[in-house]
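Morning, everyone. I'll take a few minutes to walk through one structure. Have it open and follow along.

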Amino acid sequence: MALKDITLGQYFPGDTLLHRLDPRTKILLAVFYIVALFMARNALGYALLALSLIVAILISRVGFQAVFRGMKPVFFIVVFTAVLNLVYTPGAGEPLVAFWIVRIYWEGVRTAFFMVLRIMLLITCTFLLTYTTSPILLTDALETLLGPLKRLRIPVHELAMMMSIALRFIPTLIEETDKIMSAQKARGADFESGNLLQRAKALIPLLVPLFISAFRRADELAVAMECRCYHGGEGRTRMRQLRYVGRDYAALVLGLGLCIAVWALNRLGVF
Amino acid sequence: MENPILKTESLTFSYPAEEGSKLVLEGVDLEIQAGSFVAILGHNGSGKSTLAKHMNAILLPSGGKVYVAGMDTTDEEKLLAIRRTVGMVFQNPDNQIVANVVEEDCAFGPENLGVPSDEIRKLVDDSLRVVGMYDYRRHAPHLLSGGQKQRIAIAGVLAMKPRCVVLDEPTAMLDPIGRREVLETVKALNESQGVTVVLITHHMDEAAQAGRLIVMSEGKVISDGPPRQVFQQVELLRSVGLAVPETVELLYELNQEGFSLPLDALSDEACAQTLYQLLSKD
């Protein structure tokens, strides 16, 4: 396995409407969507949410394949949740299936189905956010959105700076890991065989040099940043300014509308 | 414009952890004129990097004084002004690039200084053009070559409009192509932008291109002058573990065999010319 193939952030560059939206708008939209998702109580609400997400995916042109690929790692959790809900939801009527100690009721099937749908929509929605927004924009947006928390003495700027530096150094450190691994392998280290404990032990000669070099890098970076007059967030300006335009307001209204629509659909009480 | 832009007065320095141990810098007196191209040559442990770090107040003197454009580096209130005047480029390009887009990284310095957004844009574009990396402005730095990364690091410093740039072995981790790219950029910086350049190096051929060469050993300046003069002191340089350029070496060895040739040939052409004159005499 080549470590270089790992991509983090999973950003798909593009120039669609969804890509061009202000990153703050997209984060807020995702929040609205998640709120709506947790409000939904019936099939109509879920249908509306699923439909709107499908439309968003179509607009973004990232393709359904990419979305499903993102789902793979959480497949186990989805199945686990489904089974638990299926088995442990008590029902009023006759069980649909009954064998040994397992009783599956109609309510169980319903809850399991909606639960799975909810998790899948939740994940897809957040994936869509990271697919269409570059990590650096996302960090910028978080810094401005969380800006008010500075009054509570939460170091928002520092956190955002840490996040963007971490993003910057991930590829560098992955490359370095690859190099150290090759160097250790060339000297006979074995990372691929043995049981779990042996493999964990084999990682020590990999992690020690990696950590030492990461600390050295951090030190050098700190000096380099000081040389470039970094002195915290105070009095700092940004080259790229985030600006809300018409489409952002429209999108936010649409997001709010979605929440209200789901709330209204709950009243209709289908299923 | 204050001249000299950099000035040290009997500068001494020892790392605090090694109290009582030997000084890394033992009384350095230097004046560097604005607009000049100065190379500082020395072996590992000669104190050249330590000296460089005094030039923008990363290290403060244990004894003596350092002045940057007339400002005392121990004056904390002038810290930003000093760092804005003297930019610093380090050995490892990876460890001085902050952002994951080239132009964002370039903007880091001006952003810290609180320059308005539209002016930052212009500063960034200008400095990327100077180092010839404008076409790469939207690239991710980790996908570029070492030489390109180092040029971006230089652009990042240039965007703060410094009057002096100190480069601490900027080519030590680069391949020959990268070295040439960086060196050409540095020379262009000095010639077309009028920026004072202090190049710390242990490569003879790089040092030979400067207008003034300072040789350091054991925390002291042992030779100071135009490169062609400094390189004539073959014995002195050898005694501190430094080689001289191959052209000078050749002429020196010939002189050892009884010839009396001038030792000031720093380029292959100049050396060939000297030899040609010798041969055509016979």
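This is a predicted model: local features need pLDDT of at least 70, side-chain atom pairs count only at pLDDT 80 or more; totals for chains, interfaces and linings use all residues.

Strand E1 of chain B, residues 6-13, pairs with E4(B) in the antiparallel sense. That pairing runs over 5 bridges.

Chain B averages a pLDDT of 87. Of its residues, 97% score at least 70. For the model, ipTM is 0.85 and pTM is 0.80.

Back to the strands. E4(B) and E5(B) form a hairpin with 2 residues between the strands. B:Ala69 takes a positive phi there, near 45°.

Now zoom out. In what order do the 4 strands of this open sheet in chain B lie? The order is E2-E1-E4-E5, with antiparallel pairing. The edges are strand E2, residues 25-32, and strand E5, residues 71-72. Each edge strand pairs on one side only. In general, strands of a sheet pair through backbone hydrogen bonds, either parallel or antiparallel.

Strand E9 spans residues 212-217, and strand E10 spans 220-225. They run antiparallel, joined by 5 bridges. B:Met216 stands opposite B:Val221 in E10(B). This hairpin has 2 residues between its strands. B:Glu218, in the turn, has a positive phi of about 50°.

Next, domains. Chain B is divided into domain 1, residues 6-244, and domain 2, residues 245-282. Their C-alpha centres lie 33 Å apart. How many residues of each domain are in contact? Domain 1 of chain B puts in 9 residues, and domain 2 of chain B puts in 7. On the domain 1 side, the elements giving two or more residues are helix H7, 204-207, and helix H8, 227-230. By class, that side has 6 nonpolar, 1 polar and 2 charged residues.

Over to chain A, and a helix pair. Helix H2, residues 23-39, packs against helix H6, residues 106-132. The angle is about 180°, and the axes are 10 Å apart. Therefore H2(A) is roughly antiparallel to H6(A). Which residues meet? From H2(A), the list includes A:Ile27, A:Ala30, A:Ile34 and A:Leu37. From H6(A), among them are A:Leu121, A:Leu122, A:Cys125 and A:Leu129. The contact of these two helices divides into 9 nonpolar, 2 polar and 2 charged residues.

Last stop: where the chains touch. Chain B gives 34 residues to the contact, and chain A gives 25. On the chain B side, five elements each supply at least two residues: helix H2 (79-85), strand E6 (86-89), helix H3 (102-113), helix H4 (117-130) and helix H5 (146-158). Which of them has the largest share? H3(B), with 7 residues. By class, the side of chain B that touches chain A has 16 nonpolar, 12 polar and 6 charged residues.

That's my tour. Questions, please.

How values were computed:
Residues are numbered from 1 along each chain as its sequence is written. Chains are lettered from A and ligands numbered from 1 in the order in which they are written. Two residues are in contact if their C-beta atoms, placed from the backbone, lie within 7 Å. Ala, Val, Leu, Ile, Met, Phe, Trp, Tyr, Cys and Pro count as nonpolar, Asp, Glu, Lys and Arg as charged, and the others, Gly among them, as polar. Two strands pair if DSSP finds at least two bridges between them. Domain bounds come from an automatic or database domain assignment. pLDDT is the predictor's confidence in each residue, from 0 to 100. Axes are lines fitted to C-alpha atoms, for helices over the stretch in contact, and angles run from 0 to 180 degrees between N-to-C directions. Angles under 35 degrees count as roughly parallel, over 145 as roughly antiparallel, 65 to 115 as roughly perpendicular and the rest as oblique.
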